[in-house]
Amino acid sequence: MVLVFGGTTEGKRTIKVLEQRKMAFIYSTKTNVDVEESAFLNYRFGALDQAAMNLQISENNISMIIDAAHPFAEVLHQTVDLVAKENQIPVVRFGRKPIDIKETKEVHWVDGYTQAQALLFDQFQGKKLLGLTGVQTINKFEKWWKKNPSVYRILPRETSINIAANAGYPNEQLILSMPNQDQTLEEQLIKDQSIEVIMTKESGASGFLQTKIDAAQACNIPIIIIREPKIPASFQVVYTVQELEKILAQYSF
């Protein structure tokens, strides 16, 4: 059986591949999402620490892990690496292919949240921020948004709204919306909200990173991009469904 960590576009694509191949698998996400169970798919949700993940593997006779979780799920990636090595099972990372981004003065690359906040305080004091880094990161930038104007776009889900509320972020400064691949709509949001700086993650094509960059440049405002954390070297990385299918064909389950 295969253990899949998802909750992403890549996770949904993995579901289709495994069901088409009639392979039994467990689909695991951190929060509860709508997943249609089938004869091949068993769904669970909730974070797994090392002990709980080991239990999942032993109880379900897991012979492969497909990590299709969010690129910034660092704790999960590290836990998967430890558990996979301990149990001597392969890990396939279904990731997001990096985008070739032209270097311009408006694009600011940083390594991690601490560096991002330091840059905000150093160069953008008093500027209105559009936060596109996800609801789980709002608390990491508390020092900034308590002293500077900001709005955060988060997923229109009750769980996301509750996380923002628990972080103490003002409800009236939330934009409840899915990520947008329409540059025109992104530009309109920037203008309507009088945005002066954008902060986002290196989220690849499925995270519409290029759209965010293009919208920022069209509006002549800076954009801060937090680099994707490095994936453990033991993971076999694929970026397409075809690459995933090729690897699965090499294993007998």
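Which residue takes a positive phi just after α8? Asn-220 does, with a value of about 60°. The views below come from a predicted model, in which local features need pLDDT of at least 70, side-chain atom pairs count only at pLDDT 80 or more, and totals for chains, interfaces and linings use all residues. Residues are numbered from 1 along each chain as its sequence is written, and side-chain values use heavy atoms, with hydrogens and water left out.

**View 1**
Asn-220 is not a glycine, yet its phi is positive. Most residues other than glycine have a negative phi. Asn-220 sits in the loop between α8 (209–218) and β11 (223–226). Helices (H or I, at least four residues) and strands (E, at least two) are DSSP runs, numbered from the N terminus. Is Asn-220 buried or exposed? Asn-220 is exposed, at a relative accessible area of 60%. Here buried means under 20% relative accessible area, exposed over 50%, and partly exposed in between (1.4 Å probe, protein chains only).

**View 1. Lys-22 also has a positive phi without being a glycine.**
The phi of Lys-22 is near 55°. Its loop runs between α1 (9–20) and β2 (25–29). Lys-22 is exposed, with a relative accessible area of 62%.

Glu-106 belongs to the loop between β5 (91–94) and β6. Which residues does Glu-106 contact, leaving aside its neighbours within four places in sequence? They are Gln-217, Asn-220, Ile-221, Pro-222 and Ile-223. Contact means heavy atoms within 4.5 Å. Asn-220, from View 1, is one of these partners.

**View 2. Several elements cover the buried residues of α8.**
The buried residues of α8 are Leu-209, Thr-211, Lys-212, Ile-213, Ala-215 and Ala-216. Their cover includes the strands β6 (107–110), β7 (129–132), β8, β10 and β11. Helix α7 is also part of the cover.

**View 3. Helices α7 and α8 cross at roughly 50°.**
Helix α7 spans residues 183–192, and its axis comes within 9 Å of that of α8. Axes are lines fitted to C-alpha atoms, for helices over the stretch in contact, and angles run from 0 to 180 degrees between N-to-C directions. That angle makes α7 oblique to α8. Angles under 35 degrees count as roughly parallel, over 145 as roughly antiparallel, 65 to 115 as roughly perpendicular, and the rest as oblique. The crossing of α7 and α8 is right-handed. A crossing is right-handed if the near helix is turned clockwise from the far one by less than a right angle, and left-handed if anticlockwise. From α7, Gln-183, Glu-186, Glu-187 and Ile-190 take part. In α8 they meet Thr-211, Lys-212, Asp-214, Ala-215, Ala-216 and Ala-218. By class, this contact of α7 with α8 has four nonpolar, two polar and four charged residues. Ala, Val, Leu, Ile, Met, Phe, Trp, Tyr, Cys and Pro count as nonpolar, Asp, Glu, Lys and Arg as charged, and the others, Gly among them, as polar.

**View 4. The largest nonpolar core has 23 residues.**
A nonpolar core is a set of buried Ala, Val, Leu, Ile, Met, Phe, Trp, Tyr and Cys residues joined through side-chain atoms within 4.5 Å. Those with the most contacts inside this core are Leu-120, Ile-138, Phe-141, Tyr-152, Met-199, Ile-224 and Ile-226. At least two residues each come from α4 (113–123), α5 (142–145), β8 (150–154), β10 (197–201) and β11. The largest share, four residues, is from α4. Apart from this core lies another, of 20 residues, among them Ile-15, Leu-18, Val-33 and Ile-66.

**View 5. Helices α1 and α9 cross at roughly 40°.**
Helix α9 covers residues 241–248, and the two axes come within 11 Å. The pair is therefore oblique. Its crossing is right-handed. Arg-13, Thr-14, Val-17, Leu-18 and Gln-20 in α1 face Val-241, Leu-244, Glu-245 and Leu-248 in α9 across the contact. These residues divide into five nonpolar, two polar and two charged.
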